[in-house]
Amino acid sequence: MTQSAVLPESAVEAEARVARRPWQRWALLAVGLAVALTLPWVIYPPVAMDIACWALFAVALDILLGYGGLLSFGHAAFWGGSAYVTGLVALKVGVPFPLAVLAGALAAMALALPVGYLSVRRSGIYFAMVTLAFAQMVYFLANKRGDITGGENGLQSVPTSFFGIEAVETDSFYFYYAALPIIVAGLWFAWRVVHSPFGRVLVSIRDNAPRARALGYDVDKYKVAAFVISAGLAGLAGGLYAISHGFVSLQEVNWTTSGKVVLITVLGGIGTLWGGVVGAAIIITLEDQLASSGFEGIGIITGAVFVVVVLLFRRGVWGTARHLLARKRQ
């Protein structure tokens, strides 16, 4: 993934976007919340939950890729690692699922700290390969430690405990609304991060790391912090995904999961946050429709969509739409 293949939002564009009229931001937020609240009424609730989880996962990666300029092919380690920890806490301790998910997110952040510290010493394709190598180590451990993770059988019958409220614990429709505040909180936190002084420095490091270093910023520390924050949000999404499905498999820590979230992020538009939400909605809905029709070559279709977007819409679906609207206003 090169700079010429897709175009992240520049620092100038970011400042211009933040400076736009407040009512536009609030209107966009209201539309997003309305769609999220009505989604289980329109599509199958478990699919709606999958869209929400993958949307948060893509936003988590976008903090690192779109705002930090670091392409990670190892984020499945944090999504899947959190899923395993969440499942084990829910099975062994029996706490309500929000606490189990929080434990999974903290475990993902703890894992990301040493991985990020070692990975940020490299950049570009070397950074991507280092993160991929660490993720494959996690996959190997999950496969070999079957006494803990279940190995190839995975963790089964993960409970959806929620303070004894039977409707949430047994009905995916009500579970969606119980889990949605966690997703919204994660998205809000991501928005606060990228619009904070920390986020501004991160964008400047992405655009010109030597200049940021010359201004006195510890570039590596900022990258590690972004890596840990991204991993924590990815872990939050992975934990909810595990609870929603009631099952955790090796697929969650496989490299294909990392590739899928990169596809979703680039498809929606890197450096936009909303692009991750749009990309997740497109890919998960498309996969569900193709699977329901009995089509087996789902990867062929999603891969073709990705190629078309990269060739024709270099800013992604959301990024291109917003860019065209901005040009029209000007």
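**Helix α4 is followed by G94, whose phi is positive, near 80 degrees.** This close-up, like the others below, shows part of a predicted model, in which local features need pLDDT of at least 70 and side-chain atom pairs count only at pLDDT 80 or more, while totals for chains, interfaces and linings use all residues. Residues are numbered from 1 along each chain as its sequence is written, and side-chain values use heavy atoms, with hydrogens and water left out. Helix α4 covers residues 76–92, a run of 17 residues, and 23 Å separate its first C-alpha from its last; helices (H or I, at least four residues) and strands (E, at least two) are DSSP runs numbered from the N terminus. Of the 17 residues of α4, 14 are buried, so the helix is largely enclosed by the rest of the structure; here buried means under 20% relative accessible area, exposed over 50%, and partly exposed in between, with a 1.4 Å probe and protein chains only.

**Aromatic rings: which rings are linked with W41 into a cluster?** The cluster joins W41 through ring pairs with F173, Y174, Y176 and Y177. In the whole structure the count comes to 17 aromatic pairs, where rings of Phe, Tyr and Trp (its six-membered ring) pair if their centres lie within 6.5 Å, planes under 30 degrees apart being stacked, those over 60 edge-to-face and the rest tilted. One of these pairs is made by W41 and F173, whose rings are edge-to-face, at 5.1 Å centre to centre and with 90 degrees between the planes. Because W41 lies in helix α2 (residues 22–42) and F173 in helix α9 (residues 172–194), this pair ties together parts that are 132 residues apart in sequence. The two partners can also be compared by their cover: W41 counts as exposed because its relative accessibility is 67%, whereas F173, at 18% relative accessibility, counts as buried.

E287 counts as partly exposed, because its relative accessibility is 21%. A charge over a ring is also found at Y117, where R121 lies over the face of the ring, at 4.5 Å from its centre.

**Salt bridges: how many does a search of the whole structure find?** The search finds 3 salt bridges, each being a side-chain nitrogen of Lys or Arg within 4 Å of a carboxyl oxygen of Asp or Glu. One of them brings together the side chains of D147 and R145, at 3.0 Å from N to O. D147 is exposed, with a relative accessible area of 61%, while R145 counts as partly exposed at 41% relative accessibility. Another joins R206 to D207, and there the closest N and O atoms are 3.0 Å apart. R206 counts as buried because its relative accessibility is 16%, whereas D207, at 42%, counts as partly exposed.

**G276 is a residue of helix α14.** At 1% relative accessibility, G276 counts as buried.

**The loop between β1 and α8 holds S157 and F163.** This loop joins β1 (155–156) to α8 (166–170), and S157 is one of its residues. S157 has a positive phi of about 55 degrees although it is not a glycine, and because its relative accessibility is 61%, S157 counts as exposed. F163 is not a glycine either, but has a positive phi of about 55 degrees. At 58% relative accessibility, F163 counts as exposed.

How values were computed:
Lys NZ or Arg CZ within 6 Å of the ring centre and 35° of its normal. Expected span 1.5 Å × (residues − 1).
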